[in-house]
Amino acid sequence: MNPRNLYCPLRIGQVLGARPQFRIEHKLGWGGFSTVWLARNLSTDRLVALKVMSSGWRGEHERQMNKEIFQRVAQNISSHFIIAQAAFSIPGCKGNRHGVLVFPWRGPSVQAICLQLPASFRVRAAEHLLISLKHLHAAGIIHSG
């Protein structure tokens, strides 16, 4: 693995940030550019989702895409998007830095509970997803083949 594109090694119970501080509670998932952690805001005692970007160009691309979505799309139609509430960076290993986006926690993964949800809820969720994709496409952030 390229040392400039590392995931940030975190552990349950670790505290991140300066003010506010966030205590890692559970790993929610991971992808090609980041890991997502359930954390507790120690100032408000509320749960949040922390998206910790990998270092290097992948993490920088992820940060830039979040910024573009906010600037070009989400400000006008925020009801279809979950917007980062804050951002900060943390040191990683080998002197690199990792960007962290703080999102409101919305509950368990839809993938984990999808089949337990009523069909009407799944249809409505799919509708919101398609509307969001339409807005991203109209803003030039995603393109169709």
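The discussion below sets the computed values against the definitions of the terms.

Modeller: This is a predicted model, in which local features need pLDDT of at least 70 and side-chain atom pairs count only at pLDDT 80 or more, whereas totals for chains, interfaces and linings use all residues. Residues are numbered from 1 along each chain as its sequence is written, and side-chain values use heavy atoms, with hydrogens and water left out.

Colleague: What makes up the secondary structure, and in which order do the elements run?

Modeller: The protein has three helices and six strands, in the order β-β-β-β-α-β-β-α-α from the N terminus.

Colleague: Why is F22 called buried?

Modeller: Buried means under 20% relative accessible area, exposed means over 50%, and partly exposed lies in between, with a 1.4 Å probe and protein chains only. F22 has 3% relative accessibility and therefore counts as buried. Of the 145 residues of the protein, 30% count as buried.

Colleague: What makes F22 and F88 a stacked pair?

Modeller: Rings of Phe, Tyr and Trp (its six-membered ring) pair if their centres lie within 6.5 Å; planes under 30 degrees apart count as stacked, over 60 as edge-to-face and the rest as tilted. The centres of F22 and F88 are 5.8 Å apart and the angle between the planes is 0°, so the pair is stacked. The structure holds one aromatic pair. F22 belongs to strand β2 (residues 22-30) and F88 to strand β5 (residues 86-91), so the pair ties together parts 66 residues apart in sequence.

Colleague: What qualifies a set of residues as a nonpolar core, and which members of the largest one touch the most others?

Modeller: A nonpolar core is a set of buried Ala, Val, Leu, Ile, Met, Phe, Trp, Tyr and Cys residues joined through side-chain atoms within 4.5 Å. The largest core has 13 residues, of which L10, I24, L50, V52 and I90 touch the most other members. Strands β2, β3 (34-41), β4 (46-53) and β6 (97-104) each supply at least two residues of this core, and β4 gives the most, with three. A second, separate core of five residues includes V73, L136, A139 and I141.

Colleague: Which residues does V52 contact beyond its neighbours within four places in sequence?

Modeller: With contact meaning heavy atoms within 4.5 Å, the partners of V52 include C8, L10, W37, I90 and V100.

Colleague: How do you know that R23, E25, R40 and D45 form one network?

Modeller: A salt bridge is a side-chain nitrogen of Lys or Arg within 4 Å of a carboxyl oxygen of Asp or Glu. The N to O distance is 3.0 Å for R23 and E25, 3.8 Å for R40 and E25, and 3.5 Å for D45 and R40, so each pair meets the criterion. R40 lies in strand β3 and E25 in strand β2, so their pair ties together parts 15 residues apart in sequence. Shared partners join R23, E25, R40 and D45 into one network. The whole structure contains four salt bridges.

Colleague: Are R23 and E25 buried, partly exposed or exposed?

Modeller: R23 has a relative accessible area of 30% and is therefore partly exposed; E25, at 27%, is likewise partly exposed.

Colleague: Where is a cis peptide bond found?

Modeller: A cis peptide bond joins R19 and P20, with omega about 0°. P20 is in the loop between β1 (15-16) and β2.

Colleague: Why are L129, L130 and L133 called a nonpolar surface patch?

Modeller: Patches are made of residues with over 30% relative accessible area and no salt bridge, like charges being joined within 9 Å and nonpolar side chains (Val, Leu, Ile, Met, Phe, Trp, Tyr) within 5 Å. L129, at 52% relative accessibility, counts as exposed and lies in helix α3 (residues 119-138). The patch made by L129, L130 and L133 covers about 290 Å², with areas taken from the Shrake-Rupley method with a 1.4 Å probe and, for residues, only the protein chains shown counting as cover.

Conventions: Helix = DSSP H or I, 4+ residues; strand = E, 2+ residues; numbered from the N terminus.
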